Amino acid sequence: MAKSYLNYIGGKWIPAESRLTFENRNPADGRDLIGKFPESSAEDVEKAVAAAEQAYDRWRLMPAPMRGEIILKAGLLLKEKKEELSKIMTHEMGKVLRETRGDIQEAIDMAYYTAGEGRRLFGQTTTSELKNKFAMSIRMPIGVCGLITPWNFPTAIPSWKIFPALICGNTVVFKPAEDTPLSAAKFVEILEQAGLPPGVVNMVHGGAPAGEAIVRHPRIRLVSFTGSCEVGRLVAQQCGKMLKRCSLEMGGKNAQIVMADADFDLALEGAVWGAFGTTGQRCTATSRIYVEKSVYQKFSRELVKRAKKIRIGYGLKAGVEMGPVINDVQRERIHGYVQSGIEEGAKLECGGRYAKGPGLSRGSFYIPTVFTHADSKMKIVREEIFGPVTCVMPVKNLEEAIHEVNNTVYGLSSALYSRDVNRAMRAIRDIEAGITYINGPTIGAEVHLPFGGVKNTGNGHREAGETGLDIFSEWKSVFVDFSGRLQKAQIDVD
Ligand code: NAD
């Protein structure tokens, strides 16, 4: 019988008030039921908020270095259990083991980085325009934060939100994605083992109703959301109405440029990894590739050859390079995009169908797909597909390539392959994206740098790095007047 899992509220593992559950299945084999998880509603969110509020003062007043020590301990536990957690993640999410190891590693990196912030959380001290007056700025926590995450980085993305929220002194109501609740539960178990006091992090499983209840809750002061633009827009609208702070990390339509002067093999390798790594289910996945005309034919030909060789299968099997997509609904959606590409006149060079064969027929597998003869009017070039599908298109020169890269509503990641430093600097300056890689693929963020995108990818915030702290804290300016008399700023200036 499948194991039943619970919510985590006020330091206790409890079922949803309704006792309703949802199933979590292995995307590589739909017969394999991993477990049942609570289908939470507004009532569960209410309980979680009450627990987070109760824990807030004690947590807020704990010195930040001590909060950092708990986060460090969580990082060490993640490291100790890295292999076990990675396998659990591959089982429920599908990406291959070396990638799920990377996911856990990202959470470890984030724990170590954030733990150090406990002894920084720097503000500024500065001068005053008045005599005998001292001025500084300090960070304040915000209160109870609602964190809503997607399934493609089941541990890394929650860690990018939970650790910075905690180090700043906030408490948390966390709602993980329905497709990866077990990785989330394991992560929360580790936080508990690390000594996090009850109520500081609360987890409610479930889908849109639980997410909506978080967004609408009047005592949740901040919503940090990562997911699709569609849902992000709803979150922003509701938060806007309530004047609630919200940070959004959403979709991408990331492009790689390949100039004729590039290291050809390196650019090819980057494109294969960027387009088909994580089965194309990364917000930073390479779904458009613009290649200078003189090398376009050769590049497309070689990319198709490489795509055809990718070994598909269950991510825990040795030698498998690409796992399934997350579920059948997503696979149908991807296939719908492929059909639209064909109908709109793009040339399907390989893939474009469900994978069949031994070990594949019961999972949500899709064959790596490459289109040529595509253009910016087509849906496959305009919209985020979130699957193993990429389009290769010729360009005259760098100017045209940058114009095409920017010809999208998104702005997350981008890459240029060229040996010419002048071109590299122009691309860095002119590409409208939150991230630009030179001679590296569009995927590969590191936790100590800002992460996020421009245009419809986000709403101006950046996770990770020092900028991540700005999401989870409010600035306060502090003036200490030790003159012993009333001094008037801007008036007592003579
Ligand atoms: P999604 O928008 O469907 O779901 C994201 C989360 O929101 C889930 O936890 C879901 O249960 C919850 N949710 C759904 N409806 C809701 C509602 N009405 N109110 C509140 N919460 C609700 O996204 P997904 O399919 O889980 O993830 C894929 C998307 O995430 C892609 O668009 C991808 O680009 C994006 N993504 C972005 C980043 C980034 O940092 N920019 C990183 C990873 C994924």
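Helix α7 contributes the most to the shell around the ligand, with three residues. The model is predicted: local features need pLDDT of at least 70, side-chain atom pairs count only at pLDDT 80 or more, and totals for chains, interfaces and linings use all residues. Residues are numbered from 1 along each chain as its sequence is written, and side-chain values use heavy atoms, with hydrogens and water left out.

**Ligand shell**

- The ligand has 27 residues around it, and those that come nearest are Thr 149, Glu 178, Ser 228, Met 250 and Glu 384; a residue is near a molecule or strand if one of its heavy atoms lies within 4 Å of it.
- By class, 14 residues of the shell are nonpolar, eight are polar and five are charged. Nonpolar here covers Ala, Val, Leu, Ile, Met, Phe, Trp, Tyr, Cys and Pro, charged covers Asp, Glu, Lys and Arg, and the others, Gly among them, count as polar.
- At least two shell residues come from each of α7 (208-216) and β11 (222-226). Helices (H or I, at least four residues) and strands (E, at least two) are DSSP runs, numbered from the N terminus.
- The ligand lies between domain 1 (3-250 + 458-477) and domain 2 (254-438), because both give residues to its shell. The domain bounds come from an automatic or database domain assignment.

- Ser 228 places a polar side-chain atom 2.6 Å from an oxygen atom of the ligand.
- In the side chain of Glu 178, an N or O atom is 2.8 Å from a ligand oxygen atom.
- Met 250 uses a polar backbone atom, which is 2.7 Å from a nitrogen atom of the ligand.
- The ligand exposes 850 Å² when taken alone, and the protein buries 89% of that (accessible areas from the Shrake-Rupley method, 1.4 Å probe).

**Three-stranded sheet**

- Strands β6, β7 and β20 form an open sheet in the order β6-β7-β20, with antiparallel pairing; two strands pair if DSSP finds at least two bridges between them.
- β6 (124-126) and β20 (474-481) are the edge strands, each with a single partner, so one side of each has no neighbour in the sheet.
- Eight bridges join β7 (residues 133-140) to β20, and Ser 137 has Ser 477 in β20 as its bridge partner.

**Seven-stranded sheet**

- This open sheet has mixed pairing and the order β15-β16-β17-β14-β13-β18-β19.
- Strands β14 (residues 286-292) and β17 (residues 389-395) run parallel and are joined by five bridges. Tyr 290 stands opposite Met 393 in β17.

Terms used
Polar contact = N/O pair within 3.5 Å; in protein donor to acceptor, adjacent residues only side chain to side chain.
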